[in-house]
Structure formats: C-alpha cells, structure tokens
Amino acid sequence: MKQKKPVVGVTPLWDEEKDSIWMLPGYMDGIMQAGGIPVILPFSEDEQELEQLVRLCDGVLLTGGPDVTPGLYHEEPLGEMVVTCPKRDVTEGLVFAKAADMDKPVLGICRGIQLINVCLGGTLYQDIPAQHPSGIVHRQPAPYDRPVHEVTLLKDSPLYDCLETETLSVNSSHHQAVKELAPNLVPMAYAPDGLVEAVYMPGKRFLWAVQWHPERLFRTDEFNRKIFSAFTEAMQ
Ligand code: MN
C-alpha cells in the first residue's frame, strides 16, 4: 500500500463583503503538489474544538491576509491603512498555539509570519512605507507571481540547508513586517532593506514562516516548491 499522505489544515480566508469563507487555490495546490492533502479549517473560538481539529491534522498552514490587530502587541492602529480581521486573529492564534504545543509542522505565509511573531511576543511594523521606508518594493503591483526583490539567506539556517542558495528572488505583497522578533524565533532570510523575510523556531520539528508568497511562485520556481516539500516531508 502506498504511504498515507499527510493532511494539512489550512486557515481560511475571510470575505468581509460576502460574509463568506474563501480560499486561493495556490495554498491548496502547493500542498498537493508536495504530496499532502489540504483541508480548509473552520473559524472557531472554541479552544477544545480547535485542539481536536489540529490533532487530526499532520501540519498547519497559516495563510496570508489582513493585518494582525495591533492591540495584540500592545499598540494602537497607526491609521486607516491598518485593516484587521479579528475572527482570523482568534482562530489562528488558537490553531497556532495548539500546533506548536503538539509539535506539528507549521508553515506561515505573509500574514502567517506576522501572526506567529505576534503570538510569540514579537511586534510588527504596522506600515512599512511610514515606519521603515526604503527603495525596496514590498507591495508589488499585479502580476503577483513575479519576483520583485531578493532575500539573503542566513547560512546556518534550515532554509539555507533546504535551498542551498545564498540569495532568492521573491514576490512581495505586504505593507507590514516583523519589527521586534519574538524571543523564540530565529531569522532565516532578510530583504536588502534589513526586513526579516523568513524565520524558524529551533527545537521544533518544522516551524517556518516566510514573508513572501510561495503559493504564487511554486508553479514556476523550484526553490518555492522545495519549501512546500520540506513542509510536507516534516510530517512523514
Ligand atoms: Mn518583501
């Protein structure tokens, strides 16, 4: 019999206008091409329910999306450019905590890296153009599957071990970023302007997060395919 495929819980996207859950196919397809089975998780505030669900999953993918509520890192919103989704904060905070407790592999993408950093006690730049201006484009215009800036990988990081490259060209669709890194996280890659673009937590089986969007790059880029593969392989 063929080996059972790992099941990956994917945190849902929320459409405020339609009052509806939705999903970008790239997250699902990225997991599937790496040999996993993605399932979209529900929104819930029930800790026990989410614990039960995370237990059913072999790993968890924290998706991209709106801004983490600044109150969660003890700041007031900087202005109207900060757009939040409190129901995502609640569900994802619980899902992440449970997955980390159970040492299930976790991959955070874009909002995912920000959410993980905040959950572990870090803070965010609420608006890069206002708080960390540079010549680097972090919020690219469409198409979103094109690289717009480079990142430099740290040589003693698991990301470097996985990709075996010092630089990587990535896409970029964020206006927030890690400011103070959470104590338990270690950087794996930096943008040329010094922003943290990838992190991991030592001691965990696989707890990685990236600021760019592998789910929009894996179809054309082998490095980003390898990120999804490293994630599902950690579940075997
Ligand atoms: Mn970027």
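Helix H2 (residues 47-56) and helix H3 (residues 86-101) have axes that come within 9 Å and cross at roughly 50 degrees. Helices here are DSSP runs of H or I of at least four residues, strands are runs of E of at least two, and both are numbered from the N terminus. Axes are lines fitted to C-alpha atoms, for helices over the stretch in contact, with angles from 0 to 180 degrees between N-to-C directions. H2 and H3 are therefore oblique to each other. Oblique covers what is left after roughly parallel (under 35 degrees), roughly antiparallel (over 145) and roughly perpendicular (65 to 115). The crossing is right-handed, meaning that the near helix is turned clockwise from the far one by less than a right angle.

The model is predicted: local features need pLDDT of at least 70, side-chain atom pairs count only at pLDDT 80 or more, and totals for chains, interfaces and linings use all residues. Residues are numbered from 1 along each chain as its sequence is written, and side-chain values use heavy atoms, without hydrogens and water.

In H2, Glu47, Leu50, Glu51 and Val54 meet Thr91, Leu94, Val95, Lys98 and Ala99 of H3; contact means heavy atoms within 4.5 Å.

A manganese ion is coordinated at 2.3 Å by His138 (ND1), His149 (NE2), Ser172 (OG), His174 (NE2) and Glu197 (OE). Histidine 138 lies in the loop between helix H5 (128-131) and strand S8 (149-153), and serine 172 in the loop between strand S9 (167-170) and strand S10 (177-178), so the pair ties together parts 34 residues apart in sequence. Donors are N, O and S atoms within 2.8 Å of the metal (3.2 Å for Na, K and Ca); water is not among the atoms, so sites may look incomplete. Histidine 138 is buried, at 4% relative accessibility. Serine 172 is also buried, at 0%. Buried means under 20% relative accessible area, exposed over 50%, and partly exposed in between (1.4 Å probe, protein chains only).
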